Amino acid sequence: MEEITAAAAALSSAAFDYNRANYIFDARMRWGRFNTGYSMAMAQTSQYREDISDLTELTVTKADTYHTVGTICFFLNFELIVDGSLGVHGPAPPGWLMGLYWTNVCIAIMFLVAFTWMAMHSGARASAGAAQMRTHSVRLPIPTPRMLDMARVTANSFEKQRAQDGFRIPFAMPAGKESELDEESGKRVTISDRRMPIWYHDEVEELRKDEGGPAPSPTSVPEHFELYRGLQQEWWCYDVYSRIGILFWFSHWLTSASLYSMCHCFTELRILWPAWTVTACFVTAHWGILRLDITSKPREGSLMCLPIEKIVPFVPVLAVFGMSIDYSVLDPTPFLQGLIYTVSWICYGIQFAWAIRLYDLAAPQFRDKESPEHAGDAWSPMEWPVPPAFSQAVYLVSAPKYLEPGQTCLTQEMKAAKGQKGQNVPQRKANECSHSMLPWKLFRGAIITSISMWVLIMFGRGFEQINGERFLLKQEGRVERWPS
């Protein structure tokens, strides 16, 4: 009997020492896991803050570049209007060419003002949104002193453990399976086949009682991406149309600069061949930028399906041909006069068609499915109706809607509900807000204005062609003069 008692005492002592050693080991692991988890989460959150900075810097850098370009463009535009006044040092160019020149130069300054203002708005709004997220939402998950105290466990805490845990015989008395408390029934339910001691469940209840977020899934995305994409709804449209506005300005300015150069060559310098060479340079530059920026993607419900962007750069070629005849040594005949007017009307027709084509190119298009995302390519979600003709030229980068395979969000892992709770918590999505399509409305108004300007100038050209050049104006003087 004494031997049995001694054997039982030895077995109990060995089991006690074994379980106490396990408890102390698990206590160290508990403290190490707590600190390691938060250290890695803080490192990943720092990366998230860099994500916000990178996405914002893209928009702000583009806006700053557009501002610089816009400042130069204002100077170039007013150089043509003010310093490059035609008819000051000699007879004014013919009316048909002045109509082309002044309409183009004024439409250019209209788009110049539009894209400069939109670039200013997109940069400022993106900076404000990033500052709001970095100071309010995306913060480092630093544990509080109370959380650190709860994570620390002393060796004498083993004395508070249950007797069956203190004297559990390994292999003969395996630990229970991992379980959690069912709030409805009030009983513990098994959630996995892992064998866990009771103090592990105590650790879960003490250190993870605030968990209850959505469980990460292959289609989940970190919250800061969802929040930022919701913010981008407020400025992406300004970013897009400021970029499109630069192209529209350059298109009209290059045409007006080419027309001005040939006028200077013919009316003041009286030289023929330089007028053709300078026109060729401007036409080549114009064709090149349109080829670079405008893709051939069709848009549903197009008003002008013809690719006028491949024809409009050659308007100055027709104009310099007409000017060459108009200022030549040939005797003025009705045939030559009719030929010049025919060339001018072809130019007006192309410019009018180009104004309509601008509406078609800049119009947004809504999509019903996501476009595939490729590494290194610009991408935007289907909620953003980006004009398909400029999808590769606006350089948009939106926050992703899903993580790449093998990536995970530690912050979501730390906040995630475990077991059955994790299946009933929905993922956090971007804030729903209406599309800020004001830039398109402004651009639409500018394009309609340009169409109206071409209609008016063509009406005026028809009136003067029938009644005579400058029919409604005196050659000199005014109707009324104020006393000098």
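**Ground rules.** Residues are numbered from 1 along each chain as its sequence is written, and side-chain values use heavy atoms, without hydrogens and water. Because the model is predicted, local features need pLDDT of at least 70 and side-chain atom pairs count only at pLDDT 80 or more, while totals for chains, interfaces and linings use all residues.

**Aromatic pairs.** I searched the whole structure and got 19 aromatic pairs. Rings of Phe, Tyr and Trp (its six-membered ring) pair if their centres lie within 6.5 Å; planes under 30 degrees apart are stacked, over 60 edge-to-face, the rest tilted.

I looked up tyrosine 101 with tyrosine 260: the pair is tilted, at 6.4 Å centre to centre and 35 degrees between the planes. Tyrosine 101 sits in helix H2 (residues 95–136) and tyrosine 260 in helix H7 (residues 236–269), so the pair ties together parts 159 residues apart in sequence. Helices here are DSSP runs (H or I, at least four residues), numbered from the N terminus.

Next I took tryptophan 249 and phenylalanine 250, an edge-to-face pair with 4.7 Å between centres and 85 degrees between planes. Tryptophan 249 is buried at 0% relative accessibility; phenylalanine 250 is partly exposed at 28%. Buried means under 20% relative accessible area, exposed over 50%, partly exposed in between (1.4 Å probe, protein chains only).

**Helix contact.** I then checked H8 (residues 273–293) against H9 (residues 315–326). Ala275, Trp276, Thr279 and Val283 in H8 meet Pro316, Val317, Val320, Phe321 and Ser324 in H9 (contact: heavy atoms within 4.5 Å).

Methods: Helix = DSSP H or I, 4+ residues; strand = E, 2+ residues; numbered from the N terminus. Axes fitted to C-alpha atoms, helices over the stretch in contact; angles between N-to-C directions.
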